[in-house]
Amino acid sequence: MQIGDDVSPKIATRTRDSFAKQGLMAHLGAEMTEVRNGLVSIRLPFRPELTQQHGYFHAGGTSAIADSAGGYAAFTLFPEESSVLTVEFKVNLINPAQGDYLEAIGRVIKHGRTLTICKLDVWGVTGEVRKHVATGMQTLICIQGPTG
C-alpha cells in the first residue's frame, strides 16, 4: 500500500473518531476533510476570532492544524490498539495565512515501528486560488496499548 491510497472504512472511522475527541480542533472549528493511507487533510474556516492583529490567521491556529494533520496521517498507519503523540515539529511560516480557509496536509515520509516522520504543508485558499502559507516537518511516536 502506498501513501495516499484509500484506507479501509475501519481506519477512516477510527481516525475520524479520534479527531472528534480533540477539544482544540472543535474549539477552532477545524474539520478533517480527507483520510487516506499516510495522508490527512484538515480545513480551518476563516473567523475573525482566529486572527492576529493584522487580520491574518494566527500562527497558533496554522500550527495546530498542521500538527493534527501530520499526527493523523501517521495514525492511519499505526496498529489498531495504539495512539499517536507528537514528539517534535517545526513549522516555517512562508506567507501570511489568509483566505476563506486554511487547508493543512500531513503526509508520512518515513514510517517506523516507533517513530514516524511527516511533512506538513498549509495552504490559504480563496475560491480556486491556493497560496502556500506554511511548511514543516514532524516526528511522531506510536504509543502501544488501548487508547483512551
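Is Glu49 buried or exposed?

## Glu49 and Arg47

Glu49 is exposed at 60% relative accessibility (exposed is over 50% relative accessible area, buried under 20%, partly exposed in between, with a 1.4 Å probe and protein chains only). Its salt-bridge partner is Arg47, with the closest N and O atoms 3.4 Å apart. Arg47 is partly exposed, at 29%.

## Ground rules

This is a predicted model, where local features need pLDDT of at least 70 and side-chain atom pairs need 80 or more, while totals for chains, interfaces and linings use all residues. Numbering runs from 1 along each chain as its sequence is written, and side-chain values use heavy atoms, leaving out hydrogens and water.

A salt bridge here puts a side-chain nitrogen of Lys or Arg within 4 Å of a carboxyl oxygen of Asp or Glu. That rule gives 6 salt bridges.

Take Glu103 and Arg130: their closest N and O atoms sit 2.5 Å apart. Glu103 is in strand 4 (residues 101–111) and Arg130 in strand 6 (residues 129–144), 27 residues apart (strands are DSSP runs of E, at least two residues; helices are H or I, at least four; both are numbered from the N terminus). Glu103 is buried at 11%, whereas Arg130 is partly exposed at 40%.

Then there's Glu80 with Lys10, at 3.0 Å between the closest N and O atoms. This pair spans 70 residues, from Lys10 in helix 1 (residues 9–20) to Glu80 in the loop between helix 3 (59–75) and strand 3 (82–93). Glu80 is partly exposed at 47%, and Lys10 is exposed at 54%.
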